[in-house]
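Reader: I'm new to this one. Can you walk me through it?
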Amino acid sequence: MDPKMIWSNLAVSDLDRTTDFYTALGFRSNGRSNDLTSFLFGQHNFVIHFFLKDILQEAMKGEMTDTSKSNEIIFTIAAESTQQADEWAKEVEAAGGKLISQPEAFGSGYYGFVFADPDGHRFNVFHM
């Protein structure tokens, strides 16, 4: 395989809440429709589409993960410094996200935290 692009599709229950959350964190909108809200992440514009759960579930041809009980995936976001990671943790909470772990040093030369968006999708923020 040699795909031109890869992106992610995640299920959400409220498009307005999702749009507000990712906008508050400073991610760039990639458009919005009645079924999804989409954002661009990072310097290479990784796309994450956030579909209404019933729309995505139909396309998936199966059950969706209950993110309040299990993990579906974790995305990693690189911070440029420990101070930036600390600032992002505050921004996540202010925007309505949940810190799964507080910013901390871990491993050899790593620093960061884990958070969940309002629908339970997890992100690992770290600086190395």
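This is a predicted model: local features need pLDDT of at least 70, side-chain atom pairs count only at pLDDT 80 or more; totals for chains, interfaces and linings use all residues.

Reader: Where do Arg-32 and Asp-16 sit in the chain?
Author: In distant parts of it: Arg-32 belongs to strand S2 (residues 28-32), Asp-16 to helix H1, and 16 residues separate them. Helices (H or I, at least four residues) and strands (E, at least two) are DSSP runs, numbered from the N terminus.

Reader: What is the mean pLDDT of the chain?
Author: The mean is 94, and 100% of the residues reach 70 or more. pLDDT is the predictor's confidence in each residue, from 0 to 100.

Reader: Where is confidence lowest, and where highest?
Author: Lowest in helix H2 (residues 53-60), with a mean of 88. Highest in helix H1 (residues 15-24), at 98.

Reader: Back to salt bridges. How many are there in the whole structure?
Author: Three. Another one joins the side chains of Arg-17 and Asp-119, at 3.0 Å from N to O. That pair also links distant parts of the chain: Arg-17 is in helix H1, while Asp-119 is in the loop between S7 and S8, 102 residues away.

Reader: Is Asp-119 buried or exposed?
Author: Buried, because its relative accessible area is 15%. Buried means under 20% relative accessible area, exposed over 50%, partly exposed in between (1.4 Å probe, protein chains only). Arg-17 has 33%, so Arg-17 counts as partly exposed.

Reader: Which residues make the salt bridge at 3.9 Å?
Author: Lys-69 and Asp-66. Lys-69 is exposed, at 72%, and Asp-66 is partly exposed, at 36%.

Reader: New topic. What is the strand order in the open sheet of four strands?
Author: S5-S8-S7-S6, with mixed pairing. Two strands pair if DSSP finds at least two bridges between them. Twist averages 20° from one strand to the next.

Reader: How do S7 and S8 run?
Author: Antiparallel, with six bridges joining S7 (residues 110-116) to S8 (residues 122-127). Phe-115 stands opposite Phe-123 in S8.

Reader: And what joins S6 to S7?
Author: Six bridges, again in the antiparallel sense. Ser-101 has Val-114 in S7 as its bridge partner. S6 and S7 form a hairpin with three residues between them, and Gly-107 in the turn has a positive phi of about 60°.

Reader: Which helix lies across S5, S6, S7 and S8?
Author: H3 (residues 82-95), running at about 10° to S7. Axes are lines fitted to C-alpha atoms, for helices over the stretch in contact (heavy atoms within 4.5 Å). Angles run from 0 to 180 degrees between N-to-C directions.

Reader: What about S4? How does S4 pair with S1?
Author: In parallel, over six bridges. Val-12 stands opposite Leu-52 in S4. S3 and S4 pair antiparallel, also over six bridges. Five of the seven residues of S4 are buried, so S4 is largely enclosed by the rest of the structure.

Reader: How many residues are in the largest nonpolar core?
Author: It has 22, and those with the most contacts inside it are Phe-50, Phe-113, Phe-115 and Phe-123. A nonpolar core is a set of buried Ala, Val, Leu, Ile, Met, Phe, Trp, Tyr and Cys residues joined through side-chain atoms within 4.5 Å. Elements giving two or more residues to this core include S1 (7-12), H1, H3 and S8.

Reader: Which residues does Phe-50 touch?
Author: Leaving out residues up to four places away in sequence, they include Leu-10, Tyr-22, Phe-39 and His-121.

Methods. Residues are numbered from 1 along each chain as its sequence is written. Side-chain values use heavy atoms; hydrogens and water are left out. A salt bridge is a side-chain nitrogen of Lys or Arg within 4 Å of a carboxyl oxygen of Asp or Glu.
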